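Hi everyone, thanks for making time this morning.

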Amino acid sequence: MGRIVGGIGLSHVPSIGPVVDRGRTQEPAWKPLFDAYVPVREWLQRLKPDVAIVVYNDHGADFTFDKYPTFALGVAEHYAIGDEGFGTRSLPVVEGDFELSNHLAQALIYEHEFDLTLCQELAVEHGFLVPMNLCFPHSTNGWPVRAIPLAVNVIQHPLPTGQRCYRLGQALRAAVESFPEDSKIVVMGTGGMSHQLQGKRFGFMNEKFDQWFLGQLEADPERLARITHQEIMEQAGAEAVELIMWLTMRGALSPQARRVHRNYYAPMTTGMGLITFEA
Amino acid sequence: MGQQLTGPIADTTVFDLRLSRRGQRLNKLCAALCSPQERDAFKRDEEAFMSRFALTEAEKELIRRRDFEGLIEAGTNIYFLLKIGSVTGTGLYKMGAQMRGESYDEFLATRHIRGAV
Ligand SMILES: [Fe+2]
């Protein structure tokens, strides 16, 4: 039977990609971020997940506004590394899990009435790859875990509500648990935390809000899921609204899930949060 | 209809469907920059590149002037705008400084850790 063994909420800032690729992770400005992932990586090595379901958003690497799905699930054996306008990073192709994707698609659409767009070809980018870099260091042979992308529209309003994202997480949990194969799964909710990348309010951050969000995600996610897009954008910046993807991760865990790690670092323009739960 | 968006937010552009519709041609130009050949084409002949996307003269002028705030207001999504930033050698923080009406150094002085670039 499929089992969700853990959940991770974490930011997916694009500048982290080149820092990893150029071996700059130990520089003073970046070390505090990467140090926080040392215990997380050890924890993941103990949990030994087979598959990571990565809830992320595409930033115009493979989806455009010609067609922009609200929820889209990868249903392939492999996912290519995308070019989002800065070149293709030299990373191994991401191995997927078609059997699990296929099961999730059936269960989510038939049982739970989440009518996802299903993607047989999906090139992944920083929204997906930076969290993978932080949690699952790759080698020339590939990544230590199979992964399934679950893309959410968090950039073109109307976005799905926080409540809907949370419910999707709950549905994901039920869907995983009806998977007949023995499979250990972690769910990653990515993006945020506070940031705004446009207008006179460029560079706006709100650590107080971010810390509150981390606390509520642990203590009262049902209630947190009722937060509106307006409230997030007013308090934490327009681009912070992608935090709704963390609600999907939290919904996929039991309400009593135990929080394991928590960290916060905000050097430049984005509150980079990290929280993990054992399901 | 729910109450997800209840009103304007100061100094903020909310990228909604109406704005996305207005910026569709600009965003198509940006999306094309997700390939090395197209980035070369942009660098080689910006006018010829722009002419492929049915932009208005005013939209072209925003690109020529590297007016990032104006491009946002014209419906360019910020993540798509970053692709123009990249091909014109204007990183996110330089774009941001311009949008704030500051020099790059003035902007950096407002950050906690300036080395994280
Ligand atoms: Fe994002």
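A word on terms before we look around: when I say contact, I mean heavy atoms within 4.5 Å. And please keep in mind that this is a predicted model.

With that in hand, let's begin at Thr90(B), in the loop between H7 and H8 of chain B. Setting aside neighbours within four places in sequence, Thr90(B) is in contact with Phe68(B), Gly85(B) and Met95(B). Is Thr90(B) buried or exposed? Its relative accessibility is 14%, so Thr90(B) counts as buried, the cut-off being under 20%. The side chain of Thr90(B) also makes a polar contact of 3.0 Å with that of Thr88(B).

Helix H7 (78-87) and helix H8 (92-100) of chain B each supply at least two residues of its lining, as do helix H1 (16-21) and helix H5 (126-135) of chain A. The volume of this pocket is about 1000 Å³. Of its 44 lining residues, Pro14(A), Ser15(A), Pro18(A), Phe86(A) and Leu92(B) lie nearest the centre. Sorted by class, the lining has 19 nonpolar, 17 polar and eight charged residues.

Now, how do the chains meet? Chain B brings 48 residues to the contact and chain A brings 45. About 3900 Å² is buried between them, with 59% of that area coming from carbon and sulfur atoms. On the chain B side, Gln4(B), Ile9(B) and Tyr79(B) supply 18% of the area that chain B buries against chain A, more than any other three residues.

Let me finish with some backbone details. Chain A has a cis peptide bond from His157(A) to Pro158(A), with omega near 10°; Pro158(A) sits in the loop between strand E7 (146-152) and helix H6 (162-177). Another cis bond joins Gly192(A) and Met193(A), where omega is about 0°. Met193(A) belongs to the loop between strand E8 (183-190) and helix H7 (207-219) of chain A.

Then there are positive phi values outside glycine. Lys48(A) has phi near 50°, in the loop between helix H3 (37-47) and strand E2 (51-56) of chain A, and Lys48(A) is exposed at 55% relative accessible area. Arg66(B) has a positive phi of about 50° and lies in the loop between helix H5 (57-64) and helix H6 (68-73) of chain B. With 25% relative accessibility, Arg66(B) counts as partly exposed.

That's my tour, and I'm happy to take questions.

Note on methods
Residues are numbered from 1 along each chain as its sequence is written. Chains are lettered from A and ligands numbered from 1 in the order in which they are written. This is a predicted model: local features need pLDDT of at least 70, side-chain atom pairs count only at pLDDT 80 or more; totals for chains, interfaces and linings use all residues. Side-chain values use heavy atoms; hydrogens and water are left out. On a 1 Å grid over the protein atoms alone, a cavity is a set of points where a 1.4 Å probe fits but cannot get out, and a pocket is an open set with protein on both sides within 12 Å along at least five of seven lines; lining residues have an atom within 4 Å of a point. Grid points are joined across faces, edges and corners, and a volume is the space filled by probe spheres set on the points. Helices (H or I, at least four residues) and strands (E, at least two) are DSSP runs, numbered from the N terminus. Ala, Val, Leu, Ile, Met, Phe, Trp, Tyr, Cys and Pro count as nonpolar, Asp, Glu, Lys and Arg as charged, and the others, Gly among them, as polar. Buried means under 20% relative accessible area, exposed over 50%, partly exposed in between (1.4 Å probe, protein chains only). A polar contact is a pair of N or O atoms within 3.5 Å; within protein, one must be able to donate a hydrogen and the other to accept it, and residues adjacent in sequence count only if both atoms are side-chain atoms. Buried area is the accessible area (1.4 Å probe) that two parts lose on being put together, summed over both.
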